Amino acid sequence: MKLGISSIFLLGMIGIMLLLVFRRKVLSLVKQESKLVKSLQQKSWFHNPYSSGIVLFLWNTLMTAIVALLIFTLMITEIYIPYLHIVIFGLGTLSCILAWATFSAAWVGSKKSRLTMASIGSSFYVLLGMYGLYEYITLKPSYPGEDVFMAALGFMGVMIVAAVALMTCFLFIGFQKKEATH
């Protein structure tokens, strides 16, 4: 069975929707007693929603850059391993979700502070989406007759990925029922 790009995209969207529906189950996989959660809770910067939001922003930036670099490397080296790009996207998504779940489990503070951290951390995806939109709107052929369809499709993909990641990150971190314990 050969999967087309639309089939893979549809499977990915269904996966993200299921992830959002069952996010409490995913969040429960990260235990309060884990070393990483305890380590985050002991860091002084983590108790400030602005500094923890900036660290989350940097994590989102780093993971997106790593995934983009790996995909770009596959493209320029013309290495063809079927579906490797999907594995790379999947591993990048899983690492982000685990980081978001860890941040959510470790956070101890008010609902407002949690929303502040989530807003700052997920704002990377707003910037990424704006970049994709700008490039899409200003896309012009570099020579007469050049077909820019694939480039336009790529920028639309960037906007979709940014919107889904923004929503997922914000929901995972910003809207949890965990109450402050101090």
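**Close-up views of a predicted model**

View 1. Ser104 itself belongs to helix H5, which covers residues 84-106. With a relative accessibility of 3%, which is under the 20% cut-off, Ser104 is counted as buried.

**View 2. The largest nonpolar core.** This core has 30 residues, and those that touch the most other members are Phe46, Trp100, Phe103, Tyr125, Phe172 and Ile173. Two or more of the core residues come from each of helix H1 (5-21), helix H2 (23-28), helix H3 (35-42), helix H4 (49-77), H5, H6 and H7. H5 provides the largest share of this core, namely seven residues. In soluble globular proteins, nonpolar side chains tend to be buried together.

**View 3. The surroundings of Trp100.** When residues up to four places away in sequence are not counted, Trp100 touches Leu56, Asn60, Tyr125, Ala165, Thr168, Cys169, Phe172 and Ile173. Among these contacts of Trp100, Tyr125, Phe172 and Ile173 are also named with Trp100 as the core residues that touch the most other members.

**View 4. A nonpolar patch on the surface.** Leu133, Tyr136, Ile137, Phe149, Met150, Leu153 and Met156 make up this patch, and together they have about 700 Å² of accessible area. At least two of the patch residues are supplied by helix H6 (111-137), and at least two by helix H7 (149-174), while the greatest contribution, four residues, is that of H7. Ile137, one of the patch residues, is located in helix H6, and its relative accessibility of 61% is over the 50% cut-off, so Ile137 counts as exposed.

How values were computed:
Residues numbered from 1 in each chain as written. Predicted model: local features only at pLDDT ≥ 70, side-chain atom pairs only at ≥ 80, totals over all residues. Heavy atoms only, no water. Buried < 20%, exposed > 50% of the residue type's maximum accessible area, 1.4 Å probe, protein only. Patch = residues over 30% accessible without salt bridge, like charges linked within 9 Å, V, L, I, M, F, W, Y side chains within 5 Å. Areas by Shrake-Rupley, 256 points an atom, 1.4 Å probe, with all protein chains shown as cover. Salt bridge = Lys/Arg side-chain N within 4 Å of Asp/Glu carboxyl O. Core = buried A, V, L, I, M, F, W, Y, C linked by side-chain atoms within 4.5 Å. Contact = heavy atoms within 4.5 Å.
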